[in-house]
Amino acid sequence: QLQLVESGGGLVQPGGSLRLSCAASGFTLDYYVMGWFRQAPGKEREAVSCISSLGGSTNYADSVKGRFTISRDNAKNTVYLQMNNLKPEDTAIYYCAAGRTTVQHLCVMAMGVASWGQGTQVTVSS
């Protein structure tokens, strides 16, 4: 019933850009803190960015600050992750997550996740 579907991943050269989208079905996002997580081969899942239910508060991992921007359009039931100046170390499967919690709980402590997307592959390579 609660479903998140990511899209927008693909292959991009270093320095390039991608925009990921996360569309919700079965529920509306306006009550949820949303986050983007990623998992690279051989590494643990890490939080990339989170945004509060109304978009007033955001959190970014140090590794993506200044390069990635999270945003949401609750009217479209969609959350976005704009990724600029991509680096090979950004290569990972990116997952969207929703939680009725706070930005700190979701992004810092990875707590309160109610739904995960299936993931979309981002590969940064020349």
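1. A residue is called buried under 20% relative accessible area, exposed over 50%, and partly exposed in between, using a 1.4 Å probe and protein chains only. By that rule F37 is buried, at 2% relative accessibility. W116, with a relative accessible area of 32%, is partly exposed.

2. The model is predicted: local features need pLDDT of at least 70, side-chain atom pairs count only at pLDDT 80 or more, and totals for chains, interfaces and linings use all residues. Residues are numbered from 1 along each chain as its sequence is written, and side-chain values use heavy atoms, with hydrogens and water left out.

3. Rings of Phe, Tyr and Trp (its six-membered ring) pair if their centres lie within 6.5 Å; planes under 30 degrees apart count as stacked, over 60 as edge-to-face and the rest as tilted. The whole structure holds two aromatic pairs. One of them, F37 with W116, is edge-to-face, at 5.0 Å centre to centre and 65° between the planes. F37 lies in strand 4 (residues 33-39) and W116 in strand 10 (residues 113-116), 79 residues apart. Strands here are DSSP runs of E, at least two residues, numbered from the N terminus.

4. L11 belongs to strand 2 (residues 10-12) and is exposed, at 64% relative accessible area. Beyond its neighbours within four places in sequence, L11 has contact (heavy atoms within 4.5 Å) with T123 and S125.

5. Two strands pair if DSSP finds at least two bridges between them. Strand 3 (residues 18-25) pairs with strand 1 (residues 3-7) in the antiparallel sense over five bridges; S21 is the bridge partner of S7. Six bridges join strand 3 to strand 8 (residues 78-83), also antiparallel, and L18 has M83 as its bridge partner.

Definitions and conventions. Helix = DSSP H or I, 4+ residues; strand = E, 2+ residues; numbered from the N terminus.
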